[in-house]
Amino acid sequence: MMLHGLAFSSDRPQPWLVFLHGFSGDNREWQAVSETLTAFPRLLLDLPGHGGSADLFVTSFDEMDALLRATLVRYNIQNYWLVGYSLGGRVSMYHACQHPAGLCGVVVEGGHPGPPDETLRQQRLVSDRQWASRFRQQPLEAVFDAWYRQSVFASLSEPQRAALVALRSRNNGATLAAMLEATSLAQQPDLRSTLRALSIPVHYLYGEYDSKFQVLATQVTGHCHAIPAAGHNAHRENPAAVADVLARILRLEIKGTL
């Protein structure tokens with residue numbers, strides 16, 4: 001069993017860039033950014049319950065990590081960077097904290113490192129169960145309209161919000177609900193201390209209007225990058241700036257490759 005993905009090879013012997021999308025997205029989410037990094041081989045994956053992996057299910061972060069590892073083996077990827085947004089960022093951070101062989105570095109955009117105490121964990125468990133129930137039972141247009149009115153998406157204009165609602169409503173509510181429950185923040189350990197102790201580079205991107213995740217970024221790593229004119233979904237709102245930052249990071253960390 002492996003995740004569905006789109007792979008793009010490169011003539012140079014570079015580490016792979018493995019892109020993971022956010023909740024309700026798919027491999028298309030990172031395409032505009034990845035197309036600017038053609039010096040690297042790239043793999044854009046669909047997470048369980050999403051896109052071409054809609055028929056795959058996991059029940060925990062451990063199962064998600066095992067599925068990611070199996071996918072990397074199937075693609076014969078031995079050296080790689082993970083680039084993940086939101087849910088994809090959380091999966092990336094969890095994977096990095098397991099110290100996998102071959103992982104060269106991680107770039108997280110808007111990913112939560114995990115609740116620091118049990119009270120917050122229980123609050124998130126209640127919230128995510130309520131959302132999962134809505135995804136299973138209600139029309140997706142209504143659920144996503146409410147989803148994108150959460151405070152973390154406050155920087156979205158009405159046209160931006162409407163476009164996202166239309167795009168995300170093409171999903172399957174039941175498979176989204178299953179993934180939401182399996183990878184709820186309530187199920188994720190607090191990864192802050194482990195991330196800061198990693199020997200590999202960890203970089204964090206956040207939109208300049210995303211004040212909540214600006215604070216979280218500094219708790220994860222000293223390598224924080226503000227993306228101008230963007231909120232929580234920075235690579236969608238300002239893909240050129242995200243691509244530029246990614247290129248700078250890779251130049252810094254992989255000397256002489258670009």
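**View 1. Helices α4 and α5 where they meet.** In this predicted model, the axes of helix α4 (residues 118-137) and helix α5 (residues 140-147) come within 8 Å and cross at roughly 150°. An angle over 145° counts as roughly antiparallel, so that's how α4 and α5 run relative to each other. Their crossing is left-handed. On the α4 side, the contact is made by W131, R134 and F135, while α5 brings in L140, A142, V143, F144, A146 and W147. Sorted by class, that gives eight nonpolar residues, one charged and no polar ones.

**View 2. W131 and F135, a ring pair within α4.** These two sit four residues apart in helix α4, or about one turn of the helix. W131 is buried, at 11% relative accessibility, and F135 is buried too, with a relative accessible area of 2%. The count of aromatic pairs comes to 10. In the pair formed by W131 and F135, the ring centres are 6.4 Å apart with 40° between the planes, which makes it tilted.

**View 3. The aromatic cluster.** Zoom out a bit from that pair. Ring pairs link W131 and F135 into a cluster with F23, F144, W147, Y148 and F153.

**View 4. P15 in its loop.** Over to the loop between β1 (5-8) and β2 (16-20), where P15 lies. With a relative accessible area of 14%, P15 counts as buried. Leaving aside residues up to four places away in sequence, P15 touches F40, P41, N79, Y80, W81, C104 and I254. As for A197, P15 is 182 residues from it in sequence and 22 Å from it in space, C-alpha to C-alpha.

Note on methods:
Residues are numbered from 1 along each chain as its sequence is written. This is a predicted model: local features need pLDDT of at least 70, side-chain atom pairs count only at pLDDT 80 or more; totals for chains, interfaces and linings use all residues. Side-chain values use heavy atoms; hydrogens and water are left out. Axes are lines fitted to C-alpha atoms, for helices over the stretch in contact, and angles run from 0 to 180 degrees between N-to-C directions. Angles under 35 degrees count as roughly parallel, over 145 as roughly antiparallel, 65 to 115 as roughly perpendicular and the rest as oblique. A crossing is left-handed if the near helix is turned anticlockwise from the far one by less than a right angle, and right-handed if clockwise. Contact means heavy atoms within 4.5 Å. Ala, Val, Leu, Ile, Met, Phe, Trp, Tyr, Cys and Pro count as nonpolar, Asp, Glu, Lys and Arg as charged, and the others, Gly among them, as polar. Buried means under 20% relative accessible area, exposed over 50%, partly exposed in between (1.4 Å probe, protein chains only). Rings of Phe, Tyr and Trp (its six-membered ring) pair if their centres lie within 6.5 Å; planes under 30 degrees apart count as stacked, over 60 as edge-to-face and the rest as tilted.
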